[in-house]
Amino acid sequence: MSTTDLVDDPRRAVRAARWAEFKRFARRFLRNPLGVVGLVIVILLLFVAAFAPWLATHDPYLPNLAARLSAPSAEFWLGADELGRDIYSRLVHGSRLTLLIVALVIVTSAPVGLIVGAVSGTVGGWVDVVFMRITDVFLAVPKLLLALAFVAALGPGIVNAALAITLTAWPPYARLARAEALVVRNSDYVNAVRLAGASEFRIIVFHVIPMCLSSVIVRMTFDMAGIILTAAGLGFIGLGAQPPLPEWGAMISTGRKFIFDQWWIATVPGAAIFIVSLGFNLLGDALRDLLDPHLRQRN
Amino acid sequence: MLEVHDLSVDFSGKIAVRNTGLTVQSGESFGLVGESGSGKSTILRTIMGLNRSWSGTIRIDGLDIRKTPRKQLARLVQMVFQDPYSSLHPRYVIGQQVAEPMRINGLPNPEKRTAELLEFVGLGGPRFQFRFPHELSGGQRQRVAIARALALSPKLLLLDEPTSALDVSIQAEILNLLNRLRKELGLTFVIVSHDLAVISYMCERLMVMRNAEPVETLTREQLRAREIADDYTRALIAAA
């Protein structure tokens with residue numbers, strides 16, 4: 001990019017600076033092999049979910065009673081379940097449900113927690129007291145119990161399960177964002193914009209929240225594993241996705257009856273949950289090493 | 001330009017500044033000297049409205065700061081912080097940070113003026129404004145902080161130990177830059193420092209503080225001629 005471009009198009013220059021910053025970040029990330037493994041697993045999951053209809057070999061809902069409980073073979077790569085449905089195809093389609101729940105929960109809980117925490121920490125005073133006591137109330141109730149009660153009240157289903165998990169997932173974000181905001185609100189760079197006459201709204205949105213983002217992102221990647229497990233748990237006890245949806249938790253639940261003779265029916269979705277959770281955790285670990293303000297020296 | 005009368009500041013019981021008054025004329029450079037903890041930085045932060053519990057009166061250009069809206073004050077007085085490593089937002093390129101005060105106050109042409117301001121503090125060249133703070137040295141960052149403080153064209157600039165976080169070789173550069181800015185823009189300075197050499201180089205008058213109270217006010221000539229009334233000031237000079 002030539003010098004005249006920079007002057008003519010400052011927006012592009014800022015973008016170029018951010019891009020250079022991102023490339024530096026990516027280079028440091030690639031130095032962590034475990035993190036790369038995690039990233040590959042997560043990308044694989046996204047890929048499978050995106051192309052599920054093309055990757056699946058069978059209709060995930062079509063029963064084939066002749067093939068009931070058949071073992072892994074050339075026809076049924078990972079075997080077939082108690083209705084003769086191909087487990088591989090159900091697994092592939094199930095990845096969409098898993099991602100859907102994770103995305104729903106993250107999209108609803110992280111911003112809510114981030115905003116509550118950032119406002120609470122920046123404004124302080126009675127706003128802080130009120131917001132944090134509400135957060136404490138939600139934190140005091142056991143996670144799975146609150147989710148169970150909520151689903152029981154609203155009725156089972158994927159969206160309700162996601163809502164129930166959200167209800168219990170946002171308070172840690174609020175705590176985290178508040179802790180960061182408390183540090184940032186008295187920092188000189190925030191004071192400098194305050195002295196320039198910036199409103200509290202502008203300070204929170206443009207100056208405090210960007211500083212909270214990195215720890216929230218780290219927490220988010222760790223949370224994704226937990227969300228997958230909770231969603232599978234709700235599916236397992238029949239309060240999450242309903243049959244015939246190929247949700248991984250529900251698949252384990254039906255396979256449980258055959259675990260001694262047809263082990264693959266429960267094992268395969270279990271292994272899928274394990275691998276995906278591990279992937280998110282490895283990714284989260286690597287991101288924390290790079291982003292955690294407490295592990296990083298000041299720059 | 002700046003009048004402070006009978007100012008007292010306490011931080012939940014601990015008195016940081018007690019019954020202090022000072023007057024700074026327009027165009028003057030006024031120094032505050034003292035050991036750490038003597039309340040000199042607290043005075044600056046209180047003038048800027050960063051402390052909430054204080055008593056007394058502070059007037060800037062005749063305006064009572066309690067009764068004047070923040071945005072109006074922002075056009076009159078700005079501050080440069082001590083540590084350039086913590087006074088710039090780590091997530092924004094410096095051009096955005098210098099432009100931010102102008103955007104907040106809705107001034108026209110922030111981009112163009114940002115380039116001019118950076119040029120003015122010796123960070124010319126189109127590439128500088130697209131750097132992140134961590135790509136700059138301490139001296140460069142302090143120049144950015146100064147450019148940001150000048151963005152709203154204030155008349156009064158408060159400098160909280162502007163050079164104490166910098167290398168000795170860079171300190172002189174920044175001090176000379178500040179002197180040039182004062183001359184060219186007709187600014188009024190209030191400089192806080194524990195370094196008497198800096199104060200006597202930069203300031204026409206100075207006030208010595210100790211334990212939250214003023215000890216005495218001297219002119220530069222009195223300081224250089226050692227016409228000093230108070231023993232504490234004498235000890236401070238002997239130690240410098």
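Guide: Buried means under 20% relative accessible area, exposed means over 50%, and partly exposed is what falls in between (1.4 Å probe, protein chains only). Before we use that: this is a predicted model, where local features need pLDDT of at least 70 and side-chain atom pairs count only at pLDDT 80 or more, while totals for chains, interfaces and linings use all residues. Residues are numbered from 1 along each chain as its sequence is written, chains are lettered from A and ligands numbered from 1 in the order in which they are written, and side-chain values use heavy atoms, with hydrogens and water left out.

Visitor: What makes Arg182(B) and Glu204(B) a salt bridge?

Guide: Their closest N and O atoms are 2.8 Å apart. The rule asks for a side-chain nitrogen of Lys or Arg within 4 Å of a carboxyl oxygen of Asp or Glu, so the pair passes. Glu204(B) sits in the loop between helix H7 (196-202) and strand E9 (205-210) of chain B, and Arg182(B) in helix H6 (residues 168-185) of chain B, so the pair ties together parts 22 residues apart in sequence. Those elements are DSSP runs, numbered from the N terminus: helices are H or I with at least four residues, strands E with at least two. Glu204(B), at 29%, counts as partly exposed.

Visitor: How many salt bridges are there over all chains?

Guide: The whole structure has 22. One of them joins Arg288(A) and Asp285(A) at 3.1 Å, N to O. Both lie in helix H12 (residues 264-291) of chain A, and being three residues apart, they are separated by about one helical turn. Arg288(A), at 30%, is partly exposed, and so is Asp285(A), at 32%.

Visitor: What makes Asp231(B) exposed, and what is Arg234(B) called?

Guide: Asp231(B) has 58%, and over 50% counts as exposed. Arg234(B), at 40%, is partly exposed. These two also form a salt bridge, 2.9 Å from N to O, and lie about one turn apart in helix H9 (residues 231-239) of chain B. Elsewhere, salt bridges with shared partners join Glu21(A), Arg24(A) and Glu135(B) into one network.

Visitor: How do you know whether Ser193(B) is buried or exposed?

Guide: At 5%, Ser193(B) counts as buried. Ser193(B) belongs to strand E8 (residues 188-193) of chain B. Contact means heavy atoms within 4.5 Å, and beyond four places in sequence Ser193(B) touches residues including Leu32(B), Lys40(B) and Glu161(B).

Visitor: Which residues does Gln25(B) contact, leaving aside neighbours within four places in sequence?

Guide: Met1(B) and Thr188(B). Gln25(B) is in the loop between strand E2 (14-24) and strand E3 (29-34) of chain B. The C-alpha atoms of Gln25(B) and Met1(B) are 5.3 Å apart, although 24 residues separate them along the chain. At 48%, Gln25(B) is partly exposed.

Visitor: What makes up the lining of the second largest pocket, by class?

Guide: There are 16 nonpolar, nine polar and nine charged residues. Here Ala, Val, Leu, Ile, Met, Phe, Trp, Tyr, Cys and Pro are nonpolar, Asp, Glu, Lys and Arg charged, and the others, Gly among them, polar. Of the 34 lining residues, those nearest the centre include Gly95(B), Arg103(B) and Glu111(B). Seven, the largest share, come from H4(B). A pocket is an open set of points on a 1 Å grid over the protein atoms alone, where a 1.4 Å probe fits, with protein on both sides within 12 Å along at least five of seven lines; lining residues have an atom within 4 Å of a point.
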